[in-house]
Every structure is written in structure tokens, then in C-alpha cells.
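Subject: Handing over a structure

Hello,

Here is the structure I promised to pass on. Please look it over first, then read my notes below.

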Amino acid sequence: MKKLFFILGIGSIFFLFLSACSNDGNSEYDEAIDKVIELQNESLDRGGVETDIDTLKREDTKIKVFDEGKYIQIFFNIRKNDEVNKLYEKVEGSYKQVVEEMEGKEPVYTENIEE
């Protein structure tokens, strides 16, 4: 019985350590990213575009943050094999979707992007 508690205790500590080291939820840009995901979901809810997704989830979205959070770019599949690229700019404390080219600029933070 002591061995079981010992193994469970070590497993719990290991799990907490791994959770603390993960990239999810540990970014200074969390609030801004969540806001952009929320805005994009509102846009998807308006309809007019056929999608394979009901709700955009952060874990399913590729994210790049530029200029210390001034720009947040998201990439997601709206339909099978149809990736959408949206860019949001922080204007007067909130984010607005903009059309601008970020190619060649280096992000300060990325999420769900394998390099």
C-alpha cells in the first residue's frame, strides 16, 4: 500500500512539473490571444461562410505574436485542407482585424507552430 501511495505521489509531482513547463497558458500574451480567438469565433458565428468547425479552439490554432503584442496572427483550418490566415492589430486597447503583410517579420511568441 505504501508503494502505491509513493508511486501516485511521484506521478503527481511529475505531472505538475510537466504542466508547469508546458507552453500552454504560460504566456504574457494569453489574455490578448484569448481575446483574438473570441473575436474570430464571433466572426465565424455570423455565418455566410461554410465551415467545418463550430468553434475555433486555441489548441487547434497556430498563433504568432509580433511587436510585443501589437499584432496577433492566427492560422486555422476553416474546412479540410483550407487554412485561413487572419491578422489582428491592437488599436486603442482592443483588437481589430486588419490586412497587412507580416512576412519577413520575426514573431516574439509562437504557439502550436512546429519549426
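Buried residues of α2 are Asp30, Ala32, Ile33, Val36, Ile37, Leu39, Gln40, Asn41 and Leu44. Buried means under 20% relative accessible area, exposed over 50%, and partly exposed in between (1.4 Å probe, protein chains only). Helices (H or I, at least four residues) and strands (E, at least two) are DSSP runs, numbered from the N terminus.

Two notes on the source. This is a predicted model, where local features need pLDDT of at least 70 and side-chain atom pairs count only at pLDDT 80 or more, while totals for chains, interfaces and linings use all residues. Residues are numbered from 1 along each chain as its sequence is written, and side-chain values use heavy atoms, with hydrogens and water left out.

Back to the helix. The cover over the buried residues of α2 includes β1, β2 (71-79), β3 (82-91), β4 (94-98) and β5. The end C-alpha atoms of α2 are 22 Å apart, which agrees with the 22 Å that its 16 residues should span at 1.5 Å a residue. The expected span is 1.5 Å times one less than the number of residues. After α2 comes Gly47, with a positive phi near 80°.

**Asn41**

Asn41 sits in helix α2. Its relative accessible area is 13%, so Asn41 is buried. Which residues does Asn41 contact, leaving aside its neighbours within four places in sequence? They are Thr55 and Leu56. Contact means heavy atoms within 4.5 Å. The Asn41 side chain also reaches the backbone nitrogen of Leu56, at 2.6 Å. Lys57 is 16 residues from Asn41 in sequence, and the two C-alpha atoms are 8.8 Å apart.

**Salt bridges**

Side chains of opposite charge can pair when their charged atoms come close. A salt bridge here is a side-chain nitrogen of Lys or Arg within 4 Å of a carboxyl oxygen of Asp or Glu. How many are there by this rule? The count is 7 salt bridges.

Start with Asp34 and Arg58. Their closest N and O atoms are 2.9 Å apart. This pair links distant parts of the chain: Asp34 is in helix α2 (residues 30-45), and Arg58 is in the loop between α2 and β1 (62-66), 24 residues apart. Asp34 is partly exposed, at 40% relative accessible area. Arg58 is buried, at 14%.

Arg58 also forms a salt bridge with Glu111 (2.8 Å, N to O). Arg58 lies in the loop between α2 and β1 and Glu111 in strand β5 (residues 109-111), so the pair ties together parts 53 residues apart in sequence. Glu111 is buried, with a relative accessible area of 4%. Through shared partners, salt bridges join Asp30, Asp34, Arg58 and Glu111 into one network.

Another salt bridge stays within the helix. Glu38 and Lys35 pair at 3.4 Å, N to O. Both lie in α2, 3 residues apart, about one turn of the helix. An α-helix has 3.6 residues a turn, so residues three or four places apart point the same way. Glu38 is partly exposed at 40% relative accessibility. Lys35 is partly exposed too, at 33%.

Those are my notes on the structure.

Best wishes

Key: A polar contact is a pair of N or O atoms within 3.5 Å; within protein, one must be able to donate a hydrogen and the other to accept it, and residues adjacent in sequence count only if both atoms are side-chain atoms.
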